Amino acid sequence: AARIIQNMDPAADPCKDFYQYACGGWLNRHVIPETSSRYSIFDILRDELEIILKGVLETSDQGDREAFQKAKILYKSCMNESLIEQRDSMPLLEALTMVGDWPVASADWNKTKEPSWSMEEKLSIMNSRFNKRVLIDMFVWNDDRDSSRHIIYIDQPSLGMPSRDYYFNGGNYQRVREAYLQFMITIAKMIREDKNMSKDDSFVQEEMTKVMELETEIAN
């Protein structure tokens, strides 16, 4: 109750400016950090929790149960920036190999990879190894008709951009759409360079435009 009162502005007239009355205390005592686009009690709690988790993850893992050890190993691997820089793009290239390579960053993909490439197999690998679902979303959840059992649900997946508006609307949506396409082109060029392939900007532009067209059809 004290925190709620502290975050209010009782001096304001609620009939004239209810927002100031309800939130004036909060506004007077908090400034949105330059690193954030919003700031609320949930953001403060999240920041406090991250500090606590950091302390827990950096303690010795002796005697920890297996689940805690895995969390600490994952944390350490993410914080080992020197090794991350040393590995460079290798983890990404290995991931691409697992899913049958990327035509835009492969030489003669249609001849060397496509004959043995199975969409069903690659979709299952994306799901099981990388928790990434494309074209089809599939998950196990409680049966709406019988809560005592679980069933497989099949649904539409999320899109590459946050919503279908980004694929069709103008203004800021169009600017994001153009930046999204340019981002794909840049990544494709970087991977080709890391694989010591020729530059071929026109081919990359053409292929990534096709990807954009496919995503747009899915969004539609």
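These notebook entries record what I looked up in a predicted model.

**Entry 1. Ground rules**

I worked on a predicted model, in which local features need pLDDT of at least 70, side-chain atom pairs count only at pLDDT 80 or more, and totals for chains, interfaces and linings use all residues. Residues are numbered from 1 along each chain as its sequence is written, and side-chain values use heavy atoms, with hydrogens and water left out.

**Entry 2. Salt bridges**

I searched the whole structure and noted 14 salt bridges; the term requires a side-chain nitrogen of Lys or Arg within 4 Å of a carboxyl oxygen of Asp or Glu. For burial I used relative accessible area: buried is under 20%, exposed is over 50%, and partly exposed lies in between (1.4 Å probe, protein chains only).

I first looked up Asp64, whose side chain forms a salt bridge with Lys72 at 2.5 Å, N to O. Lys72 is buried, because its relative accessibility is 4%.

I then turned to Asp101 and Lys113, whose side chains form a salt bridge at 3.8 Å, N to O. Asp101 is in the loop between helix H6 (90-98) and helix H7 (109-112), and Lys113 is in the loop between H7 and helix H8 (119-130), so this pair ties together parts 12 residues apart in sequence. Helices (H or I, at least four residues) and strands (E, at least two) are DSSP runs, numbered from the N terminus. Asp101 counts as buried at 16% relative accessibility, whereas Lys113 is partly exposed at 32%.

In helix H11 I recorded Lys210 and Glu207, 3 residues apart and therefore separated by about one helical turn. Their side chains meet in a salt bridge at 3.5 Å, N to O. Lys210 is partly exposed at 44%, and Glu207 is buried at 18%. I also noted one network, in which salt bridges that share partners join Arg38, Asp43, Arg46 and Asp47.

**Entry 3. Arg192**

Arg192 belongs to helix H10, and its side chain reaches the backbone oxygen of Ser198 at 2.9 Å.

**Entry 4. Surface patches**

I next looked up surface patches, which consist of residues with over 30% relative accessible area and no salt bridge; like charges are joined within 9 Å, and nonpolar side chains (Val, Leu, Ile, Met, Phe, Trp, Tyr) within 5 Å. Accessible areas come from the Shrake-Rupley method with a 1.4 Å probe, and for residues only the protein chains shown count as cover.

The nonpolar patch covers about 1,000 Å², and its residues include Trp117, Met119, Ile152 and Ile218. Strand E1 (137-143), strand E2 (146-155) and helix H11 (201-219) each give two or more residues to this nonpolar patch. Ile218 sits in helix H11 and is partly exposed, at 41% relative accessibility.

The negative patch is formed by Glu81, Glu85, Asp88, Glu193 and Asp194; each charge is placed at NZ of Lys, CZ of Arg, CG of Asp or CD of Glu. Helix H5 (81-87) and helix H10 (172-194) each supply at least two residues of the negative patch. Glu81 is in helix H5 and is exposed, with a relative accessible area of 56%.

**Entry 5. Lys199**

I located Lys199 in the loop between H10 and H11. Lys199 is exposed at 61% relative accessibility. The C-alpha atoms of Lys199 and Tyr153 are separated by 43 Å, and the two residues are 46 residues apart along the chain.

Definitions and conventions. Lys and Arg count as positive and Asp and Glu as negative; His and the chain ends are not counted. A polar contact is a pair of N or O atoms within 3.5 Å; within protein, one must be able to donate a hydrogen and the other to accept it, and residues adjacent in sequence count only if both atoms are side-chain atoms.
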